[in-house]
Amino acid sequence: LFWTGTCINNTSVMMFKKGSFEIGGTIYPVAIKYDPQFGDAFWNSSKYNIVSYLLRIMTSWAIVCNVWYLPPMVREEGEDAVQFANRVRSAIARQGGLTELPWDGGLKRAKVKDTFREEQQKNYSKML
């Protein structure tokens, strides 16, 4: 079992690490989406410290989640590890009704590259 991707506040799926997809073999994707009706399992680490989060989780009425076991996936002919990881991420996002993000969790604690920011600014200006 390799935990390669994660969901952000139950709305989006971040980019997967390619390592688990480079070795070949079959991937058994699982989509998990929390239902915040009785308790929200999302941890905003910039808002809550670990103790506050654990107390909130442990005192919740229930932590409910939907789990979907997707069909096994294998790397297709001519597909590299990144393309395979993106295809698996897309299947999980589609099943869970989530948005796909083209970055990983490193942006949470690292400065955004100037080139990426400039590219997004250009795309936004074209939209306007």
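Mentor: Begin with the surface. The accessible surface of the protein comes to about 9300 Å², and 57% of that belongs to carbon and sulfur atoms. Accessible areas come from the Shrake-Rupley method with a 1.4 Å probe, and for residues only the protein chains shown count as cover. Two points on the source. This is a predicted model, where local features need pLDDT of at least 70 and side-chain atom pairs count only at pLDDT 80 or more, while totals for chains, interfaces and linings use all residues. Residues are numbered from 1 along each chain as its sequence is written, and side-chain values use heavy atoms, with hydrogens and water left out.

Trainee: How many helices and strands are there in the protein?
Mentor: Helices (H or I, at least four residues) and strands (E, at least two) are DSSP runs, numbered from the N terminus. Here there are 4 helices and 7 strands. Their order from the N terminus is β-β-α-β-β-α-β-β-α-β-α.

Trainee: What share of the residues is buried?
Mentor: Buried means under 20% relative accessible area, exposed means over 50%, and partly exposed is in between (1.4 Å probe, protein chains only). Of the 128 residues in this protein, 25% are buried.

Trainee: How do I read a nonpolar core?
Mentor: In soluble globular proteins, nonpolar side chains tend to be buried together. A nonpolar core is a set of buried Ala, Val, Leu, Ile, Met, Phe, Trp, Tyr and Cys residues joined through side-chain atoms within 4.5 Å. The largest one here has 15 residues. Phe16, Phe21, Phe84, Val88 and Ile92 have the most contacts inside it. Helix α3 gives the most to this core, with 7 residues.

Trainee: Which residues is Val88 in contact with, leaving aside its neighbours within four places in sequence?
Mentor: Contact means heavy atoms within 4.5 Å. On that basis, Val88 touches Phe16, Phe21, Ile27, Pro29 and Met73, with neighbours within four places in sequence left aside. Now the whole protein. Take the contacts with a separation of 6 or more: 64% of them join residues 24 or more positions apart.

Trainee: How do I describe two aromatic rings?
Mentor: A pair of aromatic rings is described by the distance of the centres and the angle of the planes. Rings of Phe, Tyr and Trp (its six-membered ring) pair if their centres lie within 6.5 Å; planes under 30 degrees apart count as stacked, over 60 as edge-to-face and the rest as tilted. This structure holds 2 aromatic pairs. Phe16 and Phe21 are stacked, at 6.0 Å centre to centre with 20° between the planes. The rings of Phe21 and Phe84 have centres 5.4 Å apart and planes at 85°, so that pair is edge-to-face.

Trainee: Why does the pair of Phe21 and Phe84 tie together parts that are apart in sequence?
Mentor: Phe21 lies in helix α1 (residues 19-22) and Phe84 in helix α3, so the pair ties together parts 63 residues apart in sequence. Both Phe21 and Phe84 are buried. Phe16 counts as buried at 10% relative accessibility. Phe16, Phe21 and Phe84 form one aromatic cluster.

Trainee: What about charged side chains?
Mentor: A salt bridge is a side-chain nitrogen of Lys or Arg within 4 Å of a carboxyl oxygen of Asp or Glu. The structure holds 4 salt bridges. One joins Glu76 and Arg87 (3.8 Å, N to O). Glu76 lies in the loop between β6 (73-74) and α3 (81-96), and Arg87 in helix α3, so the pair ties together parts 11 residues apart in sequence. Glu76, Glu79 and Arg87 are linked in a network of salt bridges.

Trainee: Is Arg89 buried or exposed?
Mentor: Arg89 is buried, with a relative accessible area of 8%. The side chain of Arg89 meets Glu100 in a salt bridge (3.3 Å, N to O). Glu100, at 33% relative accessibility, counts as partly exposed.

Trainee: Where do Asp114 and Arg117 lie?
Mentor: Both lie in helix α4 (residues 114-127), 3 residues apart, about one turn of the helix.

Trainee: Last one. Which residues form the nonpolar patch on the surface?
Mentor: Patches are made of residues with over 30% relative accessible area and no salt bridge: like charges are joined within 9 Å, nonpolar side chains (Val, Leu, Ile, Met, Phe, Trp, Tyr) within 5 Å. Here the nonpolar patch is Val30, Ile32, Tyr34, Ile63, Val67 and Tyr69, with about 530 Å² of accessible area together. The elements giving two or more residues to it are β4 (30-35) and β5 (64-69). β4 gives the most, with 3 residues. Ile63 sits in the loop between α2 (50-58) and β5.
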